[in-house]
Amino acid sequence: MEQTNIQQNPLVCVKNLCKHFNHVDVLNGININIYKGDVVAVIGPSGCGKSTFLRCLNLLETPSAGEITVNGEYLFKNERVYLKRQMKTLAAQKKKNTDEYKQIEKEYLALKKEEYDIKKHIDKNINAYREKIGMVFQQFNLFPHLTILKNLTLAPVQLKKMSEAQAKDKGMSLLKMVGLDDKANAYPSTLSGGQKQRIAIVRALMMEPEVMLFDEPTSALDPEMVGE
């Protein structure tokens, strides 16, 4: 990974990110700063948590603990869980009346209010946040009942208030870039896996996101297409 300018503020900042499913620690203390222009690859065996990490970055999965900011704005924050663990440990040791316990409890209550306010704001504005974070899914998730061009133009028209004509022009331009402009009026069921994957990438680019998340984006592409 090459960082463009270590002096600038990170575009995405992840601190001590954890995700637990029941008693299984899928993510345990992930820390990373990603700057504008960075390309970051997450490499690991199947089932190690790569997709879960990506899904946490736009809250398709809710993290168990940690902190995520995008452009300096909180997308997720839950640090009080660590203080609660300390309090439980002290309580188990029958130290609930100690100064240490009371100080941690005070910090916990203050953090609880802060994080409640952050969550309330995020819940209200989550769709606006997600407009800035593009996602190319492993299974592509194209709408089967819509043509390829309609798949591309739906979100820009509905969410970014782009005109139909502008959206179609942009969609056709991007389709031409990936060699699929002749498929504009086709349906996803008629395309190969590699073609669907290119369409999924184009659909994410249509929203001009600040951050792009790719979940195995080139797995179905031919080697010559990946090189391009």
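Reply: Happy to! One term to start: pLDDT is the predictor's confidence in each residue, on a scale from 0 to 100. This is a predicted model, so local features need pLDDT of at least 70 and side-chain atom pairs count only at pLDDT 80 or more, while totals for chains, interfaces and linings use all residues. Residues are numbered from 1 along each chain as its sequence is written, and side-chain values use heavy atoms, with hydrogens and water left out.

Me: OK, what average pLDDT does the protein chain get?

Reply: The average is 89, and 92% of the residues score at least 70.

Me: And where is confidence lowest, and where is it highest?

Reply: The lowest is in helix H7 (residues 223-227), with a mean of 51. The highest is in helix H5 (residues 164-177), at 96.

Me: How many helices and strands are there?

Reply: The protein chain has 7 helices and 6 strands. Both are DSSP runs numbered from the N terminus: helices are H or I with at least four residues, and strands are E with at least two. Along the sequence the pattern reads β-β-α-β-β-α-α-β-α-α-α-β-α.

Me: What box do the C-alpha atoms fill?

Reply: Roughly 75 × 40 × 40 Å, taken along the principal axes.

Me: Switching to the sheet: in what order do its strands sit?

Reply: The order is E2-E1-E3-E4, in an open sheet of 4 strands with antiparallel pairing. Strand E2 (24-34) and strand E4 (73-78) are the edge strands, each pairing on one side only. Two strands count as paired if DSSP finds at least two bridges between them.

Me: What holds paired strands together in general?

Reply: Strands of a sheet pair through backbone hydrogen bonds, either parallel or antiparallel.

Me: New topic! How many salt bridges are there?

Reply: A search of the whole structure finds 9. A salt bridge here is a side-chain nitrogen of Lys or Arg within 4 Å of a carboxyl oxygen of Asp or Glu. One of them is between Lys-15 and Glu-67, at 3.9 Å from N to O.

Me: Why is that pair worth a look? What does it tie together?

Reply: Lys-15 lies in strand E1 (residues 12-21) and Glu-67 in strand E3, so the pair ties together parts that are 52 residues apart in sequence.

Me: What about pockets? How much space lies in the largest one?

Reply: About 730 Å³. On a 1 Å grid over the protein atoms alone, a pocket is an open set of points where a 1.4 Å probe fits, with protein on both sides within 12 Å along at least five of seven lines; lining residues have an atom within 4 Å of a point. Grid points are joined across faces, edges and corners, and the volume is the space filled by probe spheres set on the points.

Me: Which residues are closest to its centre?

Reply: Of the 25 lining residues, those are Val-39, Val-40, Met-212, Leu-213 and Phe-214. H1 gives the most to the lining, with 5 residues.

Me: And what volume does the second largest pocket have?

Reply: The second largest pocket has about 610 Å³. Closest to its centre, of 20 lining residues, are Arg-130, Phe-137, Ala-155, Leu-159 and Met-207. H4 supplies the largest share of that lining, 5 residues.
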